[in-house]
Amino acid sequence: MSILIDEKTRVIVQGITGRDGSFHARSMVADGTDIVGGVTPGKGGQKLDDIPVYNTVADCMKQSGVDASVIFVPARFASAAIREAADAGVPLIICITEGLPVVEMVSNYHYVQRRGLRLIGPNCPGLISPGKCKIGIMPARIHKPGSVGVISRSGTLTYEVVYNLTTSGYGQSTCIGIGGDPVIGSSFTDMLELFEQDPDTDSVIVIGEIGGEDEEAAAEFIKHKMSKPVVGFISGRTAPPGKRMGHAGAIISGGKGTPDAKIKAFNAAGVPVADKPDQIPTLLRKQTGR
Amino acid sequence: MKIHEYQAKELFASYDIPVQDQAVMTEAGEARAAADKLGGFVVVKAQVLVGGRGKAGGVKLARSADEAVDAARTILGLTIGDLPVEKVMIAPAVDIKKEYYMGLTLDRARKQLILMVSKAGGVDIEELAVERPEEILRFHINPLDGIDETGLEACLSQAFETPRLLEQAGDVVRKMYKLTIEKDCSLVEINPYALVDDDTLLALDAKVNFDDNALYKHADIEAMKNPEEYSQDEIDAKTANLSFVSMDGEIGCIVNGAGLAMATMDIIKLYGGTPANFLDVGGSSNPEKVLSALQIITRNPKVKAILINIFGGITRCDDIANGILMAMKQTDIKLPMVIRLIGTNEKEGRALLMDAGFEVAEELSAAVEKVVSVA
């Protein structure tokens, strides 16, 4: 098993005819994902390889059942794309696009939430259940099926961690990049809850970074509600306060979001924190005994 | 993006948030006419994009036009938090009866906007939040619903005691909210929001920050940008579409992805080195970006060695390799360089670099250890 997505997940791609959308749609198909359609306004009726393109998400859903939509449209159209998917009732919406204004995202968050749907991202690499389904932009070949869950706020750092897990013999149930923005659809805690319930996940890696207090909230959850072992990593220990470190969300401001507070919170929850990614498998071995 | 106090007050004025008349100048001599026009007894304030102006001597009272010129001259000679003062603002001095704080910003955890109000205005709100958090009133706004007027009144009435003050404060909050939504502000702050006679509240200071991601929507805001907010390297990096932050260490870093770039800096520190910068080349595979990144890093005289760390996903290692080779041809880089390539097209990338005589590492820890030893 895995969380959120598996071999049965039917996926559509919003922005499928764009440069990024078409490239990654093909890559997802190559990695075994069931892409049932794509959406680009004004290009309905066309095809990308064998994938039918529709004008709207609603049109697409008249033709096929849809479990998830992945969004590749440019930032200025991304909020409209998220809301279109939400209006059509797509249960899982993944927004890869980066650069969405925060005020828009605050509204988008509640818009999706009120319809009882789930949003992942924006500004994220997506998610993968290795060997079953990939919805996103990560290189599938560094992954391998297994029982470790991975949750991260970043992209390539996640690849680095997954690479270390795979080469040390730890396969993954599902790996999720929740996104590097200050306001994102799903938090560490939301994902930890799903991993705790998933019978095929036996441990979880949480890859956090400076900024915000989502890691602290995750630590609280782990302390009180989680039975499975967790290993942590926090990037940005050398980042100066007040500077945005690439990700819009990675900023220490107003004395909040410091790496020390996050590491302390993790440790207090019994979560060891690795100093560097290649220590994660060793810490995991200590925690799980396997 | 940050703007100066005087710019924020101009913006406030355009939203009908009550502010004083003001004059802005770069030459001390201009202070005379301005002080005369504003009533003689004035306050002269440094316009710099950092906090702590008062403590640094950047705010002075002047009782005459002569004093105003002297104050302006002194303040224009100051450097506050690394930034030389290039502009001063002059406004009428007022008799402050009481100071409040009002700030509207994002509550990341609740995913709503949060209004913070305090009767203990004029002080550093961050200190207040730590030392006397009970003195800050909080009120949340969900932009999908707009302001809950009943809730807002309940909040403000705990700070503003008379109906006349309550009405003014409510009006200002609605305008701060309008400004935040319309211009994508990440912070709108009035500190102090001051009672200047028995029943008039004025924004005596103003701080407005904007969401960089939303600047494409607001040409008027973008036009207010101050070049001194960023170092020359940061500006050049932005032009080249690189995400860059200057640090003061010795190892220049080029990494793809922000999380990995931060982690790479952390590991350099762990091995006893110091990072000279944060640099994320982003997800694309454009060799030109690597060239620009190397040019920016190598002109920093403190840099003693360079670490390139690429985990190829969308980024192709062979494109990165080509960028490095291009840079070696176009610029004379004498600094030791440690390259770590892994992921998409790593074999091709490694082959290109090894043919040109470079060593290419596979593991991150080994690469960092190496670069620290040669720096």
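What is the order of the strands in the open sheet of 7 strands in chain A? The order is E3-E4-E2-E1-E5-E6-E7, with mixed pairing.

## About the model

This is a predicted model, in which local features need pLDDT of at least 70 and side-chain atom pairs count only at pLDDT 80 or more, while totals for chains, interfaces and linings use all residues. Residues are numbered from 1 along each chain as its sequence is written, chains are lettered from A and ligands numbered from 1 in the order in which they are written, and side-chain values use heavy atoms, with hydrogens and water left out.

## The sheet in chain A

Helices (H or I, at least four residues) and strands (E, at least two) are DSSP runs, numbered from the N terminus. Two strands pair if DSSP finds at least two bridges between them. At the edges of the sheet stand strands E3 (47–48) and E7 (118–120) of chain A, each with a single partner strand, so one side of each has no neighbour in the sheet.

Further in, you can follow E1 (residues 10–14) of chain A alongside E5 (residues 68–71) of chain A: they pair in the parallel sense over 4 bridges. Look for Ile12(A), whose bridge partner in E5(A) is Ser69(A).

## Where the chains meet

Now to the interface. Here 50 residues of chain B are in contact (heavy atoms within 4.5 Å) with 56 residues of chain A. The area buried between the two chains (accessible area, 1.4 Å probe, lost on being put together and summed over both) is about 4,200 Å², and carbon and sulfur atoms give 61% of that area. On the chain B side, Arg108(B), Lys111(B) and Phe311(B) lose the most area to chain A, together 18% of what that side buries.

## Charges and rings across the interface

The interface of chain B and chain A has 5 salt bridges (a side-chain nitrogen of Lys or Arg within 4 Å of a carboxyl oxygen of Asp or Glu). The side chains of Arg340(B) and Glu160(A) meet in a salt bridge, at 2.6 Å from N to O.

Aromatic pairs are rings of Phe, Tyr and Trp (its six-membered ring) with centres within 6.5 Å; planes under 30 degrees apart count as stacked, over 60 as edge-to-face and the rest as tilted. Over all chains there are 4 such pairs. Tyr163(A) and Phe311(B) form an edge-to-face pair, 5.8 Å centre to centre with 75 degrees between the planes. Tyr163(A) lies in helix H5 (residues 156–167) of chain A and Phe311(B) in strand E16 of chain B, so this pair joins two chains.
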